[in-house]
Amino acid sequence: MFDSLVIGYLFLGGAGGGALVVLGAFEGARTLGLRRPELPDELFARAWPVCAVALATGIVCIAADLGRPDRLLGLVASPRPTPLAVGAYALVAGLLCAAAFSALALFDGAASRVPRGVRLALAAASLAAGGVTAAYTGVLLQGLASVLFWQTPLLPAAFVLSSLSCGVAVVFLAAAFVETRRPFVHLVAWLARIDGVLIAAEAGVLAVYVAWALAGAGTREAAVALVAGDLAPAFLGGVALAGLAVPFAMERLLTHNNHHSQLLWIAACVLAGGLALRACVAQAGLYDVTQMSQALFGLSLG
């Protein structure tokens, strides 16, 4: 159904948006002095560039899927506020925020010379842009009337939860390469507990989503494909096992002596599960085309 470019920006937009929310919240908290001890600057110097690269690559995927630069300009300049246009604006705004925070983190002492109000405004903008970016991918699919399987608010809810979990995974990925004497492992453990709640909520939403789809005549084939058909290995193995169960268990077993390698494995599993989720949900539309099948191709052009 969708090519790798579409699935790529569904994933990168979600992961980048989730990272914006998580990192923006940390930036706001440390600017206000709400967290003690503070997270080391080295963590932000690694996490913000990863977030920026994810968002930039997502924009590249959108541009490549559109095929021509003038189509991208037409999308942004369109007077009609489509979900894709809103998402494109949020991606650009989020990229600018991530680039600004990356610059502040990479240059020693730069953050201290920026007024507190400016840093708070950037953190708030990151939270807003990240929230919109995380949500729009699910809203985008939900808005395609040709697939009944996507016609439920459970889809955006699952994508938002997955995006936030992927955002935590970006922080874990950065933390795995931070060497510092300042104690911050307990803060990472605190973040792991939050991610455990996100993973449990995502699993619950996906279970309800599949049950809802199995109960409907027009959506049953797509649900069966996910749990017992061609998509079952990717959905059950990639999403349920690798993306949800394994990181949830590993986060409960974090140790101080080996947390670097553990965080790498947790981040890899969560991100792989986030990608598998979007691929499975997108491809499930092949089993549930009820009308206007041509609307399923060239997503960005619609």
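Is tryptophan 190 buried, partly exposed or exposed, and what is its relative accessible area? In this predicted model, where local features need pLDDT of at least 70, side-chain atom pairs count only at pLDDT 80 or more, while totals for chains, interfaces and linings use all residues. Residues are numbered from 1 along each chain as its sequence is written, and side-chain values use heavy atoms, with hydrogens and water left out.

Tryptophan 190 is partly exposed, at a relative accessible area of 30%, whereas phenylalanine 26 is buried, at 10% (buried is under 20%, exposed over 50%, partly exposed in between, with a 1.4 Å probe and protein chains only). These two residues form an edge-to-face aromatic pair, 6.3 Å centre to centre with 65° between the planes (ring centres within 6.5 Å, using the six-membered ring of Trp; planes under 30 degrees apart are stacked, over 60 edge-to-face, the rest tilted). The pair joins helix H1 (residues 4–32) to helix H7 (residues 185–215), across 164 residues (helices are DSSP runs of H or I, at least four residues, numbered from the N terminus). The model holds four aromatic pairs, and ring pairs also link Phe149, Tyr209 and Trp212 into a cluster.

Arginine 278 lies over the face of phenylalanine 159, 4.8 Å from the ring centre (CZ of Arg within 6 Å of that centre and within 35 degrees of the ring normal). Phenylalanine 159 of H6 is also among the residues that meet H5, together with Leu155 and Pro156 (contact means heavy atoms within 4.5 Å).

Key. Helix = DSSP H or I, 4+ residues; strand = E, 2+ residues; numbered from the N terminus.
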